[in-house]
Amino acid sequence: MSNNLDNDYKFLRKSTFLSILGTILKVCGPLLTIVMARVFGAAEFGIFVSSQQLLLTISHSATLGLDKGLHWYLPQNQLKGRPAYKGIMESFWLSAAVAFICTVVIFIGSFTPHISKELPWYALSLVFYSTTFVLSNSSEGNRRPQNAIFINSFLVAVLSPAASIILHYLGIPHALPLGLLIGQMGGLACHSYFVRKQFSDMPIWPKDRLTKDLVIYSLPLGFNEFTTSFLIRSSLWMVLLFLGPEKAGAYAIMVTISNALQTIRQGYTPILTPVIAGMDKERLHTDLKPVVSYCIFMITLIQLIIGFFLVLFPDVILNIAGSKYNVQPEALGILLFVHLLTGFWGMAFVIMNGMGKSLYTLKMNILSLGVSLACGYFLIPKFGLVGAALTTLAYNLVQMVWNNIYLAKLKLWPYAAKLWGQQLWMLILLGTYIVINMKIFIPTLTEKIIIYAISLAALGVYWKLNKKYFSR
């Protein structure tokens, strides 16, 4: 085994531990979000989630892809003999300027009947969102994923809903957007501190402009980010359009819960991308499979632990927010399995970006967006929240199939044979879901607890038997 692969494994093992810890901490955020849904009501919460998703789409677009481009660019600084911090502050100030322009446009638009009077209060967070993305991705590109994990997954995820709830009980108006603003300001302050510690000699005002390499790589990622953001949130927005804010609030709770699985996979994107970006063509053919297989093994294992809990206790979780959110719970099951599938087959997208194929991923996302809009138009009005979940499943299937065929053509098949054990476990989870939801077997709460305990024990044995193979 090469020294490079040894170093990659050390980084991946450390990052896996941090990712698991961050996931545990991140549970606090969704729990507070669910409490927030109860406090503010379904309609207001549905509007809040839809507005927040719009902010995320705009702020990601405002970075022009430079934030994600730093995942690839910063590892290249050492190879090209550039200062380690090259590209960070150049990206920071440009993103801040674009986000500020977007904020001004929203404020001006609020004086017309075309933009909600509440949206400008949300828009106050745009500059903080965009600049936080740049600094967060700078730490990840510099192989410091723990900063983003703890700040984004815990601090901001807890601070924003907690602030909104406190402001609400203090009787302060616009509590939801102001809580969001407080969370983002706290996140930016913490990221600024940690980035400065990593690059103590980095000037606040850079002397040079953005390099051509960073711009060429990042711009397709910027368009890609806009398409991806719209794609991920299209189902929720179509639910809001076709079914109204109350159903959008119920669906938003399901998305929040199922995202417990999605965040596991997303947490490995900034971990794996710099590793792949540091591989030359020879290493791609020798080291890509063991590195990616290790990540998939850990992602799906953690997802299965969470997945069994969500499948066995969905009503309990949904009822935390209130009975009015317990609508078409089968949609939650579909979303869970979408994230399980993408945790395995969806890592092909990360490989593409790590190899610098940002233009390819943009084309793929545009195609997927078309699939999502077409499916949503027909499925959501007819099947409600189940139709929205099926829409999410449809475009993800298109992506997974297409991307893996493309990898096979490049002769870069990244899946070790032993990963098929993960697929078997996913089928077991699917079978458990079908048996319970089709009422073939209706377990009591005690029986559910016993089933979950047995599942955890079996997964523990499975991990122990296979960990040496995947972390060799």
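The pLDDT is the predictor's confidence in each residue, on a scale from 0 to 100. The structure discussed here is a predicted model, in which local features need a pLDDT of at least 70 and side-chain atom pairs count only at pLDDT 80 or more, while totals for chains, interfaces and linings use all residues. Residues are numbered from 1 along each chain as its sequence is written, and side-chain values use heavy atoms, with hydrogens and water left out.

The protein has an average pLDDT of 83, and 90% of its residues score at least 70. Confidence is lowest in helix H1 (residues 3-26), with a mean of 64, and highest in helix H5 (residues 88-109), at 92. Helices are DSSP runs (H or I, at least four residues) numbered from the N terminus.

H3 and helix H11 (residues 245-277) pack at an angle of about 65°, with their axes 7 Å apart; the axes are lines fitted to C-alpha atoms over the stretch in contact, and angles run from 0 to 180 degrees between N-to-C directions. H3 is therefore roughly perpendicular to H11, a term covering 65 to 115 degrees. The crossing of these two helices is left-handed, meaning that the near helix is turned anticlockwise from the far one by less than a right angle. Residues of H3 including Phe45, Ile47 and Val49 meet residues of H11, among them Pro245, Ala252 and Ile253, where contact means heavy atoms within 4.5 Å. The contact of H3 with H11 comprises 9 nonpolar, 2 polar and 1 charged residues. In this classification Ala, Val, Leu, Ile, Met, Phe, Trp, Tyr, Cys and Pro are nonpolar, Asp, Glu, Lys and Arg are charged, and the others, Gly among them, are polar.

H3 also packs against helix H10 (residues 212-243): their axes come within 9 Å and cross at roughly 165°. The two helices are therefore roughly antiparallel, the term for angles over 145 degrees. This crossing is left-handed as well. Val49, Gln53 and His60 are among the H3 residues that meet H10, whose contacting residues include Phe226, Arg233 and Trp237. The contact of H3 with H10 divides into 8 nonpolar, 6 polar and 2 charged residues.

Two loop residues complete the tour. Leucine 64, in the loop between H3 and helix H4 (66-80), has a positive phi of about 60° although it is not a glycine. Its relative accessibility of 30% makes leucine 64 partly exposed, that is, between buried (under 20%) and exposed (over 50%), with a 1.4 Å probe and protein chains only. Histidine 174, in the loop between helix H8 (145-169) and helix H9 (175-198), likewise has a positive phi of about 60° without being a glycine. Histidine 174 is partly exposed, at 28%.

Notes:
Parallel < 35°, antiparallel > 145°, perpendicular 65-115°, else oblique.
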